[in-house]
Amino acid sequence: MQNTENSLVQTMPRKMKRAAALAATLLVSAAAWAQVPVPATKQAKPTVLTGATLHVGNGQVIEQAAVAFENGKITYAGPASGYKGSGAESINVAGKHIYPGLILPNSQLGLNEIESVRATLDQQEVGLFNPNVRSVVAYNTDSDIVPTLRSNGVLLAQITPTGGVISGSSSVVQLDAWNWEDALVRADGGLHLRWPAMLQTGDNSPAAAQRRQARQTGLTELETLLADAASYKNQSRDKENLKLSSLTGLFDGSKRLFLHANYGKEIVEGIRFAQKAGVKNIVVVGGGDALVVADFLKENNIPVIYSGVHALPGRAGDDVYLPYKMPGLLQQAGILFCLDYDASLHGTRNLPFIAGTAVAFGLGKEQALSSVTLNAAKILGVEDKVGSLEVGKDATLVVSDGDLLDMRTNKVGHAFIQGRKLNLTDKQQYLYEKFNGKYQEGK
């Protein structure tokens, strides 16, 4: 067979040989281009971006700005006229907009690749109480989904487990790394409690009675587990109990409890339950009824990761636009909140447009930016590193041709994580170029 192939090649006309070689080269190049880009190398020299409009992330906007960074840290962020540095590589981004890298909370990014292929799903552990599970060790930095988020300006994510009552711990990662250790921004910063749903009153059937009993049994087990963990913290021990030791950070404030609940009564019940157990830092995730219990949340200083901007209203009588208006209403109520994308994992690249929807329904544009940058950083406990473009923080930022929150003008031309310039190619762009070329041929 080898000899036959060689003879065929030898008899091919020279032009055909060149065409075949070119086609093979293009095929290999296209296949390589479609892969997840190689992580960027460490920043080698100082860099300054000049001439763009700077959106700091804390509500401040600076026209004709400069942002300089060295060794991965921001050294200047302000009016270009005030920049006095020298020797830096200068990138002219006049007419464009500079933003902090967006932060995606409450995501199974890197844990869940293809819904229909079980081998690619690693977001859930067996059992009801798994506080010792560390989701980040299963985070796949080679996920095809990750580069598609970076192309829209999302540069960080909270990797969150699902399932059970206590799902495990989440970590914050940056989205350009060889492995999960390199990706870490904050490890195991929070534990996720999925509050058992309340049952409707008035249902006195035997099945409803059994469900109520099962719910009460689960809450009793949860109360016992938290009490044991609080006691375990102060005990001397020869052998570590991983489940209990992973919970101890809740009682000194070093870890946050992310309480997943939507119904108003469940939110209040869950918060009071956690407070009674001695938990210091509590965050509500979901928060469909957050506005209903806004006074309670504000009184107890409880922030919210709101999940439902593009969802339907929770009740038949609600304003159909209420989910769109909710971020603006939470802002007016004085509640610290950020936004996530509680839908298809493959849609999480649209996080900036969730914030854009909130702008169209009453939230200020810079407030909306904060809801996916600085507010998210505060709620996740990483505001000392990311979330806003200020001196001393990581140089994690994007440059867009237009408004980053508007899908019509969101066009990210440059992106940096810790000062490293990213390759912004991804599989979706590859497919667009591939088929755009195909259907242009006939024109």
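**Note on cores, pairings and salt bridges**

1. Tyr324 is partly exposed, with a relative accessible area of 26%. The model is a predicted one, and this applies to every point below. Tyr321, at 42% relative accessibility, also counts as partly exposed. Together with Phe361, Tyr321 and Tyr324 make up one aromatic cluster. The structure has six aromatic pairs.

2. The largest nonpolar core holds 93 residues, and the members that touch the most others are Leu109, Leu175, Leu222, Ile271 and Leu297. Helix α5 (residues 206–232) supplies the largest share of this core, six residues. Another core, of 17 residues, lies apart from it and includes Ala52, Ala65, Val67 and Leu389.

3. Which residues does Leu297 touch, not counting those up to four places away in sequence? They are Ile267, Ile271, Val284, Ala290, Ile302, Val304 and Ile335.

4. Leu149, in helix α3 (residues 145–150), has a relative accessible area of 0% and is therefore buried. Beyond its neighbours within four places in sequence, Leu149 is in contact with Leu104, Leu109, Val154, Leu175, Thr348 and Arg349. The C-alpha atom of Leu149 is separated by 21 Å from that of Phe435, a residue 286 places away along the chain.

5. Helix α11 (residues 351–360) is mostly covered, with eight of its ten residues buried. The buried residues are Leu351, Pro352, Phe353, Ile354, Ala355, Gly356, Thr357 and Ala358. Among the elements that cover them are β6 (102–107), β7 (154–159), α10 (322–332), β13 (337–339) and α12 (365–371). After α11 comes Gly362, which has a positive phi, near 115°.

6. Strand β9 (residues 184–194) pairs with strand β8 (residues 166–174) in the antiparallel sense, over six bridges. In this pairing Leu193 of β9 stands opposite Ile166. Strand β9 also runs parallel to strand β10 (residues 256–261), joined to it by five bridges. Here Gly190 has Arg256 of β10 as its bridge partner.

7. Twelve salt bridges are found in the whole structure. In one of them, the side chains of Asp188 and Arg134 meet at 2.8 Å, N to O. This pair links distant parts of the chain, since Asp188 belongs to strand β9 and Arg134 to the loop between β6 and α3, 54 residues apart. Arg134, at 33%, is partly exposed.

8. Asp176 and Arg420 form a further salt bridge, with the closest N and O atoms 2.5 Å apart. Asp176 sits in the loop between β8 and α4 (180–183) and Arg420 in strand β16 (residues 420–421), so the bridge ties together parts 244 residues apart in sequence. Both Asp176 and Arg420 are buried.

9. Glu269 and Arg215 also meet through their side chains in a salt bridge, at 2.7 Å, N to O. Because Glu269 is in helix α8 (residues 264–277) and Arg215 in helix α5, this pair ties together parts that are 54 residues apart in sequence. Glu269 is partly exposed at 25% relative accessibility, whereas Arg215 is buried, with a relative accessible area of 16%. Elsewhere, salt bridges with shared partners join Arg150, Asp176 and Arg420 into one network.

Terms used
Residues numbered from 1 in each chain as written. Predicted model: local features only at pLDDT ≥ 70, side-chain atom pairs only at ≥ 80, totals over all residues. Heavy atoms only, no water. Core = buried A, V, L, I, M, F, W, Y, C linked by side-chain atoms within 4.5 Å. Buried < 20%, exposed > 50% of the residue type's maximum accessible area, 1.4 Å probe, protein only. Helix = DSSP H or I, 4+ residues; strand = E, 2+ residues; numbered from the N terminus. Contact = heavy atoms within 4.5 Å. Pairing = 2+ DSSP bridges. Phe/Tyr/Trp six-rings, centres within 6.5 Å; stacked < 30°, edge-to-face > 60°. Salt bridge = Lys/Arg side-chain N within 4 Å of Asp/Glu carboxyl O.
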